[in-house]
Amino acid sequence: MRRKLAAGNWKMHGLRADLAQLSALNTAHPDPAIDILICPPATLIAPACAACDGGAVQIGGQDCHARASGAFTGDLSALMLKDAGASAVIVGHSERRDAHEESSEDVRAKAKATHAAGLVAIICLGESLAQREAANTLDIIAGQLSASVPNSADATNTVIAYEPCWAIGSGLTASPEQIGEVHDFIRARLTARFGAAQAGGMRLLYGGSVKPGNAAEIFAVSNVDGALVGGASLRADDFTPIISALEAAR
């Protein structure tokens with residue numbers, strides 16, 4: 001059985017005062033039946049790890065550079081994130097692909113660096129609204145999956161997050177049928193490439209306006225092993241019902 005994962009991406013939100021939300025999460029879920037991961041801004045990774053010491057909540061990064069070190073002003077390597085206490089890194093988020101023009105090849109290099117550092121790579125995929133309306137979703141996902149996931153991927157170091165771009169921060173959510181089609185497709189492609197044993201252990205997350213009100217319906221969908229949550233992960237009171245819904249869906 002794949003252990004479910006509730007991952008929160010704080011994006012560019014959070015100051016030291018907000019670390020109280022992590023303490024609240026640990027108090028609310030002292031022995032969860034799933035994995036809980038929060039990816040705060042890089043400035044908060046080390047203090048977040050200290051705040052969660054001994055608790056169930058794990059801490060991750062939101063991005064990393066593909067190189068281990070070098071003259072890359074403003075960037076952070078996967079090794080640096082690990083040194084700060086991170087256990088995972090999000091790579092290929094649609095906001096990085098769009099605003100920073102990251103290609104799937106860039107994402108692949110970052111995922112390889114993440115694996116080399118001994119961290120879990122959460123590799124994001126997703127289509128735009130125009131691509132969805134043109135019925136090109138599965139072609140887009142196939143291309144991103146093939147080009148973004150390195151050969152170093154296995155069940156222990158890789159999580160795939162399907163995040164339709166048109167559903168992120170928009171209030172729109174893909175229907176259960178749309179989510180199921182894509183997640184089943186991803187599982188089949190991973191199985192063809194990595195074999196049933198490894199692909200069967202890779203967790204597939206859905207992300208895109210996941211909220212307490214729709215979480216249970218999303219988690220009931222085939223091959224949905226959890227969620228990558230944005231705004232609803234910023235406050236423990238909002239994230240806790242999502243965690244509880246995922247625990248109930250095991």
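1. Of the chain's 250 residues, 51% count as buried (under 20% relative accessible area, with a 1.4 Å probe and protein chains only). Bear in mind that this is a predicted model, where local features need pLDDT of at least 70, side-chain atom pairs count only at pLDDT 80 or more, and totals for chains, interfaces and linings use all residues. Numbering runs from 1 along each chain as its sequence is written, and side-chain values use heavy atoms, with hydrogens and water left out.

2. The secondary structure comes to eleven helices and eight strands (DSSP runs numbered from the N terminus: H or I of at least four residues for helices, E of at least two for strands).

3. On overall size, the C-alpha atoms fill a box of roughly 45 × 45 × 35 Å along the principal axes. Contacts (heavy atoms within 4.5 Å) with a separation of 6 or more are 72% between residues 24 or more positions apart.

4. Who touches whom? H7 brings Thr137, Leu138, Ile141, Ala142, Leu145 and Ser146, while H8 brings Glu181, Val182, Phe185, Ile186, Arg189, Leu190 and Arg193.

How values were computed:
Buried < 20%, exposed > 50% of the residue type's maximum accessible area, 1.4 Å probe, protein only.
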